[in-house]
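These are my notebook entries on a structure that I looked up for a reader who is new to it. Each entry takes up one topic.

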Amino acid sequence: MPVAMLLLWETGASRGWWDRHLLPAPSVVAQYLVVSAGNGTLGQHVGATLARLAVGFLIGLGSAAALGTLTGLSGLAFRILDPLLQGLRAVPSLAWVPLFLIWLGIGEPSKIMLIALGVFFPIYLNLVAGIHGVDRKLVEVGRSFGFASPRLVTRIILPAALPSLLTGIRGGLGLGWMFVIAAELIGASRGLGFLLDLGRNISRPEIVLASILLFAVLGKLTDALLVLVQRRALSWQDSLGATR
C-alpha cells in the first residue's frame, strides 16, 4: 500500500494533476532528505527529537508506574488521588503550556515536562485498570501458598496486570510522539517539530512532508520495538494474539 501510494503520488506530480508547489513529488522530498542527511542537519534534528522524547517518556513512565501501582493496590490512595488525577486528565494538554513556560522557562525542561504529561495518563489508566482487573482467585491461591503481601504483589498481581501496563506504554509512546511536536513548536531551535514549523514559515512543503514522513517512520519503529518487548514479556500467555 505505501509503495502504491508513492507511485500514484509521483505520477500525479509529474503529470501536473495538482500544483507541485503545494504538493511536491516524493522524489523532491527524498532529495531534500538526502541533502540534509549529507550535511548533518537532519541527524541533529532527529537526535534532538529522540532525546526529548526519551527523557519525557521515561519521566512519564516512572511517575505513572509509581502512582498507578499505589492507587491500584491501595483503596485509600485510590479514593484520595484518582479523582484528582482524573480531573487533571480532563485539562487539554496545550492548556499546560503557558504554565510550564512560566514555571520552567522556554528551554528544555518545559518541553520535556509536556511530553511526560502526555505519556503519563495512558500508562496510569491502563495500569490501574489492569491491577483492579486481576482475578481474585489468583490472589486467593497466592494466599493459600502463604505469600506475604510484598510477594503477592510481585509474583501475582503485577505480572497479571502486565498486559494492561504494556498496552498503556504503547499508548503513552504514541501520545509522546504527538506531544513532542507541540513541545518543539515552543521556541525550539532543533528537532523535527522545529523543522516542520520552519517549512511552513518559508513555504517549503517538501520540508513539511519530510518531517511528517520522519515522524511516521520513527513512530512506527519505536512502536515495533515495544511490540517486540511485549511479545517477549508475554510469551507465557496462551492467547489468540500470541499466534499472530
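I began with the crossing of helices H6 and H8, which is right-handed. I took a crossing as right-handed if the near helix is turned clockwise from the far one by less than a right angle, and as left-handed if anticlockwise. Helix H6 covers residues 108–132 and helix H8 residues 149–184; their axes come within 7 Å and cross at roughly 155 degrees. H6 is therefore roughly antiparallel to H8. Angles over 145 degrees count as roughly antiparallel, under 35 as roughly parallel, 65 to 115 as roughly perpendicular and the rest as oblique. The axes are lines fitted to C-alpha atoms, for helices over the stretch in contact, and the angles run from 0 to 180 degrees between N-to-C directions. Helices (H or I, at least four residues) are DSSP runs numbered from the N terminus.

I noted the basis of these entries: the model is predicted, local features need pLDDT of at least 70, side-chain atom pairs count only at pLDDT 80 or more, and totals for chains, interfaces and linings use all residues. Residues are numbered from 1 along each chain as its sequence is written, and side-chain values use heavy atoms, with hydrogens and water left out.

I then looked up Lys 111, a residue of helix H6. Is Lys 111 buried or exposed? I found Lys 111 buried, at a relative accessible area of 2%. Buried means under 20% relative accessible area, exposed over 50%, and partly exposed in between (1.4 Å probe, protein chains only). From C-alpha to C-alpha, Lys 111 is 12 Å from Ala 54 in space, while the two are 57 residues apart in sequence.

Next I turned to the salt bridges (a side-chain nitrogen of Lys or Arg within 4 Å of a carboxyl oxygen of Asp or Glu). How many does the structure hold? I recorded 5 salt bridges. One of them joins the side chains of Asp 223 and Arg 170, at 2.9 Å from N to O. Asp 223 belongs to helix H10 (residues 205–233) and Arg 170 to helix H8, so this pair ties together parts that are 53 residues apart in sequence. Asp 223 is buried at 18% relative accessibility, whereas Arg 170 is partly exposed at 32%.

I also looked up Asp 197 and Arg 200, which form a salt bridge with the closest N and O atoms 2.8 Å apart. Both residues lie in helix H9 (residues 192–201), 3 residues apart, or about one turn of the helix. Asp 197 is partly exposed at 24%, and Arg 200 is exposed at 55%.

For the salt bridge between Arg 204 and Glu 206, I noted 2.3 Å between the closest N and O atoms. Arg 204 is partly exposed at 33%, while Glu 206 is buried at 13%.

Last, I looked up a nonpolar surface patch of about 580 Å², made by Val 55, Ile 59, Ile 102, Trp 103, Leu 104 and Met 113. Helix H3 (41–73) and helix H5 (97–104) are the elements that give two or more residues to the patch. H5 gives the most, with 3 residues. Val 55 is found in H3 and is partly exposed at 37% relative accessibility. Patches are made of residues with over 30% relative accessible area and no salt bridge; like charges are joined within 9 Å, and nonpolar side chains (Val, Leu, Ile, Met, Phe, Trp, Tyr) within 5 Å. Accessible areas come from the Shrake-Rupley method with a 1.4 Å probe; for residues, only the protein chains shown count as cover.
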